[in-house]
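Take a look at the chain below. Read its overall build before its details.

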Amino acid sequence: GELDIAVCFNAGDDRRIDGIPLFEEEICLVGIPELVGDTAEPISLDEALSYPLLLPGRDHILRGMIDRVALFRNRPIEVRHECLSLHALFAGLRLGLGATLVSEFSALPLVKDSDVVCRPINDPVVSRQLFVASSSKRPKTTAQQTVVRAIQELFSASLAAGDLPGARTP
């Protein structure tokens, strides 16, 4: 009840939230070639979870998603370091301290510099959706509706232009 609108991942499962999906993206294994292989070939989820990992803290939504997937598959994971900032994560990846599980778009700054390899995960594919969200308990104001439409149009245009690598319409 404190926010009028939020842009967040995986908000569609909460009845208290009206979530409109903006895009869906798949999670990849990202690391230096010496650790994860010098290839963009897909990797199985079980194999990806076998690497020493650099992950966000337990309160981060991506970490919760990874922990749930590993638990569901009865697959212990080695979290070598919890990285509380993107800068720390990128530094750890460049140093080869471990690999991480993020989207291709999130890894783009490192992939563009050829510092890391991004390997798609298959068997099974792990994905997340970005939503524009608001409370389902309160009526929407005209201002909220206008902002939501503007956000939808921005993301739609970015997807159409190819500005969100690895992302697709839900």
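**The whole chain**

The model is predicted. The protein chain has six helices and nine strands. Its radius of gyration is 17 Å, close to the 15 Å that the globule rule gives for 170 residues, so the chain is as compact as a globular protein of that length. Along the principal axes, the C-alpha trace spans about 55 × 35 × 30 Å. Of the 170 residues, 36% are buried. The accessible surface is about 9,600 Å², and carbon and sulfur atoms hold 54% of it. Now count the contacts with a separation of 6 or more: residues 24 or more positions apart account for 82% of them.

Strands β4 and β5 pair in the parallel sense, over four bridges.

| Element | Residues |
|---|---|
| β4 | residues 52-55 |
| β5 | residues 78-82 |

**Helix α4**

Which residues of helix α4 (residues 86-95) are buried? They are L89, F90, G92 and L93. These residues cover an arc of only 165° around the axis, so they sit on the same side of α4. H87 and L95 are exposed on the other side of α4. The cover over the buried residues includes β2, β4, β6 and α5. Just after α4, G96 takes a positive phi of about 75°.

Conventions
Residues numbered from 1 in each chain as written. Predicted model: local features only at pLDDT ≥ 70, side-chain atom pairs only at ≥ 80, totals over all residues. Heavy atoms only, no water. Pairing = 2+ DSSP bridges. Helix = DSSP H or I, 4+ residues; strand = E, 2+ residues; numbered from the N terminus. Rg over C-alpha atoms; globule rule 2.2 N^0.38 Å. Buried < 20%, exposed > 50% of the residue type's maximum accessible area, 1.4 Å probe, protein only. Contact = heavy atoms within 4.5 Å. Areas by Shrake-Rupley, 256 points an atom, 1.4 Å probe, with all protein chains shown as cover. Arc of directions from axis to C-beta.
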